[in-house]
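Biologist: I have a structure open and would like to learn how to read it. Please take the features one at a time.

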Amino acid sequence: CSRKRAFQITKSFLPILEWLPNYRVKEWLISDIISGVSTGLVATLQGLAYALLVAVPVGYGLYSAFFPILTYFFLGTSRHISVGPFPVVSLMVGSVVLSMAPDDNFLIDGSNATGTNGTGPLIDIESRDAQRVLIASTLTFLVGILQVIFGALQIGFIVRYLADPLVGGFTTAAAFQVLVSQLKIVLNISTKNYNGVLSIVYTLIETFEKIGTTNIADLIAGLLTIFVCMVVKEINDRFKHKIPIPIPIEVIVTIVATGISYAADLEKKYNAGIVKSIPRGFLPPEPPDVSLFSQMIAASFSIAIVAYAIAVSVGKVYATKYDYAIDGNQEFIAFGFSNIFSGAFSCFVATTALSRTAVQESTGGKTQVAGIISAGIVLISIVALGKLLEPLQKSVLAAVVIANLKGMFMQVFDVPRLWRQNKVDAMIWVFTCVASIILGLDLGLLAGLLFGLLTVVLRVQFPSWGGFGNIPGTDIYKKVKDYKNVIEPEGVKILKFSSPIFYANIDGLKSSLKSIVGFDAVKVYNKRLKALRKIQKLIKKGKLKATKNGIISEPGINNEAFETDEEPEGNEDLQVPTKEVEIQVDWNSELPVKVNIPKVPIHSLILDFGAVTFLDIVAVRSIKTIIREFERIDVRVYFASYQDNLISQLEQSDFFDDIVRKDIFFLTVHDAVLYIRNQMTYSDNQDPIFEKISLMQESKEPIEFTETSRPDDELDVQEE
């Protein structure tokens with residue numbers, strides 16, 4: 001606990017103390033001023049436009065483009081991102097606002113109310129807008145609290161579960177949702193505010209039903225804005241190396257459109273929808289409505305994660321480009337406090353916008369000083385210029401939003417590339433996109449996340465496996481199906497299971513074992529017991545004779561040993577006078593009883609655990625059962641290439657005993673093969689596949705051949 005340590009902790013919480021003292025005024029200030037002015041003009045227009053997505057008066061978009069920058073300047077670790085509204089997040093906030101404050105809640109009777117177009121029901125727009133602003137600011141406040149909690153708990157890693165294909169599909173679906181929501185504004189059509197599952201379908205149906213009421217002036221202004229913006233943006237992209245500063249086409253179009261609307265008086269002559277009123281100055285801070293928290297907690301969680309994921313992903317791109325690092329947990333805290341602060345001033349949730357950040361970086365922005373200057377430009381608009389934008393058509397703002405969706409729509413072309421590279425990732429992209437369009441953004445994101453996790457579970461539950469063989473003259477072992485020249489060691493099967501082994505895929509391990517060795521160990525053992533019972537009965541009847549060299553028929557007696565497999569098995573006392581002898585049964589030869597016993601062509605089985613990172617208790621018990629099943633039919637089981645932590649897990653799970661010892665574990669597969677060869681070379685001449693049984697032939701009681709009892713702690717093994 002030293003002064004130096006305390007200062008380091010302070011700097012980690014206030015990154016401005018790290019970079020501001022090292023600010024190069026002569027080198028960076030001019031660039032930051034130019035970048036800040038350019039970004040501020042874009043931020044002003046995007047703030048107005050994105051307020052339409054939140055379903056609040058457009059003036060509140062200016063507040064949302066101003067306040068979040070103030071706190072991020074002190075707390076943020078990215079030098080280049082432009083903090084403010086983003087269409088995807090704004091639309092998610094708007095869906096909550098519309099679900100909690102629909103128009104139907106504000107229907108009134110009386111001549112003092114402001115009506116919708118035509119003779120429809122009267123809506124108290126003033127009360128509706130006030131309630132929607134309160135809901136949006138309360139949601140912003142709650143999102144900020146959640147983000148601060150996530151940052152304090154150091155769980156910035158949660159964004160890693162939002163894979164790139166998932167984010168790509170989600171943002172593309174969000175772009176489509178934004179397009180549909182802005183379409184009615186471009187056409188100046190009045191529709192119901194749908195929310196929830198299939199809301200986009202209902203919106204499209206009603207839009208096309210009322211397309212005959214389209215306002216031509218708004219439609220022409222919107223289409224011209226989209227066309228001009230997209231053409232100039234394409235020029236900016238293609239000639240960015242020759243153009244020192246990108247052309248601020250949104251600013252130019254807005255100024256021109258405002259002038260035309262004012263000069264031609266489009267509202268009165270053509271009934272065009274205009275902004276009408278933008279509040280001048282600032283509103284006093286207001287506390288959030290805590291009683292609404294319970295209704296929006298689920299949505300706020302997804303918005304908090306999405307807003308953070310977008311900001312961090314954009315920030316990392318520029319951090320990598322300019323060789324500095326951003327702190328994920330500190331970003332959570334920075335955006336959390338930004339949203340708490342801005343939520344008190346009637347703002348909606350802030351993150352970063354790709355296009356605005358690109359403007360800030362491409363115009364020479366070096367640090368967040370450019371961000372503060374852009375906030376100053378927005379401040380000027382709030383204080384002085386808001387009145388000048390009142391004649392602006394809403395369709396122009398909606399067209400600016402649509403024109404900025406091009407980058408997200410272009411992600412559709414990633415799908416063919418993803419399909420060629422990884423079909424599972426392509427499926428995640430498509431599923432998330434379709435789910436987000438049909439179910440809505442919040443449920444669609446959850447469905448995409450669950451689907452992505454399901455693909456991981458399935459890939460672990462059904463991993464790759466195969467039998468391995470040796471490349472002659474080397475200690476290298478490769479999959480038999482993939483290589484022509486590999487040779488399996490005689491009497492040895494090698495199985496590699498490429499996954500952690502746990503309760504969900506243990507059956508897969510058992511089935512792969514059966515496939516590799518070619519038989520079921522439990523079935524073989526039970527068939528052998530059945531054959532031994534028949535041999536015992538026939539010896540008692542005198543139809544077979546047991547000797548030290550095996551089982552033979554008595555001379556002069558017809559061999560009636562080939563009895564049907566379905567013969568009832570009795571335990572009658574045959575009283576055959578015999579003596580104690582030891583016999584051997586060659587299970588791979590033809591037996592004198594008609595019992596179909598699967599052949600066992602191997603004497604050893606090696607399990608390559610090189611790709612097994614952990615075992616759960618179910619897997620440990622099942623593997624121990626597998627070892628005993630194979631030991632009963634004289635097949636030794638060995639383990640190779642295991643991870644060191646597996647031995648500790650096995651010891652903790654009481655895996656080792658008198659039968660299962662540590663000497664069956666080898667560092668490599670080749671070590672295990674060499675050991676098996678050595679054992680086979682110096683073993684007795686007696687074939688280990690023979691089974692010795694003792695028959696008390698003088699006994700009057702039949703010899704009992706019973707299946708070994710299964711310990712209580714072992715798992716049941718399914719019999720084919």
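Modeller: Start with the elements: helices (H or I, at least four residues) and strands (E, at least two) are DSSP runs, numbered from the N terminus. Contact means heavy atoms within 4.5 Å. Axes are lines fitted to C-alpha atoms, for helices over the stretch in contact, and angles run from 0 to 180 degrees between N-to-C directions. Here, helix 23 (residues 617-632) lies across strand 12 and strand 13 (636-640), and it runs at about 140° to strand 13.

Biologist: What should I know about the model and the numbering?

Modeller: This is a predicted model, in which local features need pLDDT of at least 70 and side-chain atom pairs count only at pLDDT 80 or more, while totals for chains, interfaces and linings use all residues. Residues are numbered from 1 along each chain as its sequence is written, and side-chain values use heavy atoms, with hydrogens and water left out.

Biologist: In what order do the strands of the open sheet lie?

Modeller: Two strands pair if DSSP finds at least two bridges between them. The open sheet has 6 strands in the order 7-6-8-12-13-14, and its pairing is mixed. Strand 7 (477-479) and strand 14 (665-666) are at the edges with a single partner strand each, so one side of each has no neighbour in the sheet.

Biologist: Which way do strand 6 and strand 8 run, parallel or antiparallel?

Modeller: Strand 6 (residues 465-470) and strand 8 (residues 492-497) run antiparallel and are joined by 3 bridges. Trp 465 has Phe 497 in strand 8 as its bridge partner. Helix 21 (residues 506-517) packs on the sheet, where it touches strand 6, strand 8 and strand 12 (604-608), and its direction makes about 150° with that of strand 8.

Biologist: How many bridges join strand 12 to strand 13?

Modeller: There are 5 bridges between strand 12 and strand 13, and these two run parallel. Leu 605 stands opposite Val 637 in strand 13. As for burial, buried means under 20% relative accessible area, exposed over 50%, and partly exposed in between (1.4 Å probe, protein chains only).

Biologist: How do I read two helices against each other?

Modeller: Two packed helices are described by the angle between their axes and the distance between the axes. For helix 18 (residues 414-421) and helix 19 (residues 423-439), the axes come within 6 Å and cross at roughly 145°. Residues of helix 18 that meet helix 19 include Leu 418 and Trp 419, and those on the helix 19 side include Met 427 and Trp 429. Ala, Val, Leu, Ile, Met, Phe, Trp, Tyr, Cys and Pro count as nonpolar, Asp, Glu, Lys and Arg as charged, and the others, Gly among them, as polar. By class, this contact of helix 18 with helix 19 has 7 nonpolar, 1 polar and 2 charged residues.

Biologist: Which residues other than glycine have a positive phi, and are they buried or exposed?

Modeller: One of them is Asn 271, with phi near 55°. Asn 271 lies in the loop between helix 11 (266-270) and helix 12, and is exposed at a relative accessible area of 53%. Another is Ser 346, with a positive phi of about 60°. Ser 346 lies in the loop between helix 13 (328-343) and strand 5 (351-352), and counts as buried at 10% relative accessibility.
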